[in-house]
Amino acid sequence: MLHELPTEIALYIASYLPLQSLRNISLVSRAWHGLITGNVQAVYRKAAILHRFVLHTDLQADSSGQKPDTKKTDWFQLCQRRLQIERGWRGKAPSIARELNSTGKFVHRIKVDQKEKIVMTTRHHGGLSVTDYDTDCVLWAATHVTDYAHCEYDHGYIILNRHDDSKEVWRYARDFQDSEIPEVFKPDESMINASHEAAQRHASPTNHGHFRPWAHLHMPEPTRAFRFSYPTLLSAGANYAYLWDVPTSRLVETITNIQAPNQDGTLGTLCYVEVNDQYAFFCGSNQLRIFARGGGALVYHLCMKDLQRINWDVLPDNSDDPCPSSLFQPQRLHEAYHVSSTSPSTFVAAHVSTSGKDIAVLTASGIFIWIPGFERLFHREVTLSDIATFLNFSASRSDVRDTSVYLALGESNEKAAIATRKGLFIVSLDPEISKLTAEAPRRPGLSVCRIAKYDDSRYLSSISCLQMTDTGLFFNWYPSLEQSRPSQPARRMMVIPPPHHGHLPVPIQIMPPPQPQPQHTNQVHAPVQIVSAVGLEGQGDHLPGLDPIESSDDDEIGEDVVPDPPSPIIVDEAGPPPLVETYEEEEVEIDGGDLVVDEDTDDSEMEEAEDETIDDLQFGGDGFMQVIVNDWFLPISSSMVHYIHV
């Protein structure tokens, strides 16, 4: 019997039990109850280490008293909370969804700092906002940030691109003094002025959520994508990748010939980049490539033809009974063989885990690949099929369009979030954690949940960012207020684009709409063209032409003529209103121009003015207009930050 063993040995054995069992054995007898309750902190401290609820550095700080300003850890409460979080992600405990109104409409990119409880957002029409996601109040905002700005954030540094391809680096205001700013690539006057303006507008004694300029980095050549993982910024161009040490503003390494052809061809069009302290990762239309840092050697590449045909299809599971107050619905994984599709696919995203040992990859066709211990592939200790798990989020082959929209990887909880045109999904990746904290999943050892109530394909297609923390999921979604409004007659809008982009004129180009592409990208954004979204079956809808319109500086916009648009989409009465409807808003800037809604013109007058306006914006399928940005299609649809908390 456990209680008859020496106390040290009994406690050591008990610490290896699953958390549920620790509670149960204390109810077996008085002797066992006394053993556990009498040593509760020691038992649950060992359990927290076993379940990897704490990092080794945190343990050292706690035991050595390096955190005098914090309370001593209650290991029992920590384990109980961690168990609740783990069960919440699996649909076994309650979860809550919130909409953050203060982030504003037309959200483009989202970054989250869970420690500071802030969410940072950029918007289609420019600007950067920092919001407290507990109180839904704006803490700080900078209005100078360019439209469709991509942003990266880590360890208190936020990095934004400009249209001239330089990178602005801002740092959390409370973390440094002005004397610490590096001498090279100092902030320019526009950043300093924007900082002073923001500080005056959002004066605060604590400077919570405030940022100040740190550096203004100039790239050696035009770059297409960038990614920041403290302390390294990776910015990639056509054939070269540049690695910067952000705290010192120094260019520390250049990786050359990322497009160099091998036996399987070139990398292809760059879609996404990732970096850690050992490797740089490049997702292309043809290959996924991994280069070693400190020399730039290509250590591994993966082609679409190398992916195995036996995948685990993600299907609804009607047999499981989730928690009634949970938004997470457990899914069933069905092993199936798939014939190779004739439609080409691409690698759209890759994320390396916090440990640096595992990697998650997403393809445009909806294949999610989890590769634990990926370094073993470099040394040919294993094959991809030996260690990788393939989840298929597009089991149906009837729809040939790209399925994937976005991929996010949890910071330290071995979770992945995947947005597709079919739904939002959470993948629990660590089978060992699964065995210890929740019901052990069947083969392949991973578990998948779908998020209920977020299943409208039109809104899913317009997700442009997805961020995952230890306890929550953040993404942009169509405003609930607009979804719930009663049906109104459709209004037409005129798009008045800016006459210039930087120092170059940017004409409107009406093009046949191509296939929609995943929104997951860390590419540099510079609006170029306005096009319509793709139709329900992948057919292009029409975008009516624009008559010449006098802009604010008297430059003329070109004219083009195309056929009338198709009939409006029929939407069930119980669902959201038709997306052809736009509601009464005064004025919204798009790419520096104006989006004008004429509220005083009735429907009959609008019919007669067809040649002078964009006709109805009646789009099939995804239903939203899109803007082409560096060959990437981004939505112009209204969206706000939604936050799901477990």
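A residue is called buried at under 20% relative accessible area, exposed at over 50%, and partly exposed in between, with a 1.4 Å probe and protein chains only. The model is predicted: local features need pLDDT of at least 70, side-chain atom pairs count only at pLDDT 80 or more, and totals for chains, interfaces and linings use all residues. Residues are numbered from 1 along each chain as its sequence is written, and side-chain values use heavy atoms, with hydrogens and water left out.

Tyr459 is buried, with a relative accessible area of 2%. Trp477 is also buried, at 3%. Aromatic pairs were counted for rings of Phe, Tyr and Trp (its six-membered ring) with centres within 6.5 Å; planes under 30 degrees apart count as stacked, over 60 as edge-to-face and the rest as tilted. The count is 28 aromatic pairs. The ring centres of Tyr459 and Trp477 lie 5.6 Å apart and their planes meet at 85 degrees, so this pair is edge-to-face. Tyr459 belongs to helix α11 (residues 457-461) and Trp477 to strand β29 (residues 472-477), so the pair ties together parts that are 18 residues apart in sequence. Helices (H or I, at least four residues) and strands (E, at least two) are DSSP runs, numbered from the N terminus. Elsewhere, ring pairs join Trp140, Tyr153, Trp170, Tyr172 and Phe211 into a cluster.

Charges over rings were also found. The criterion is NZ of Lys or CZ of Arg within 6 Å of the ring centre and within 35 degrees of the ring normal. The charged end of Arg171 sits over the ring of Trp214, 4.8 Å from its centre. That of Arg212 sits over the ring of Phe176, 4.1 Å from its centre.

Two helices were examined by face. An α-helix has 3.6 residues a turn, so residues three or four places apart point the same way. In helix α3 (residues 30-38), Trp32, Leu35 and Ile36 are buried. They cover an arc (of the directions from the helix axis to the C-beta atoms) of only 90 degrees, which puts them on the same side of α3. Exposed Arg30 and Gly38 are carried on the face turned away from that buried side. The cover over the buried residues includes α1 (7-14), α2 (19-25) and α4 (40-50), where contact means heavy atoms within 4.5 Å.

In α7, the buried residues are Met191, Ala194, Ser195 and Ala198. Seen down the axis, they fall within an arc of 105 degrees, so they line one face of α7. The face turned away carries exposed Glu189 and Gln200. The buried residues of α7 pack against β5 (137-142), β8 (167-172) and β9 (211-217).
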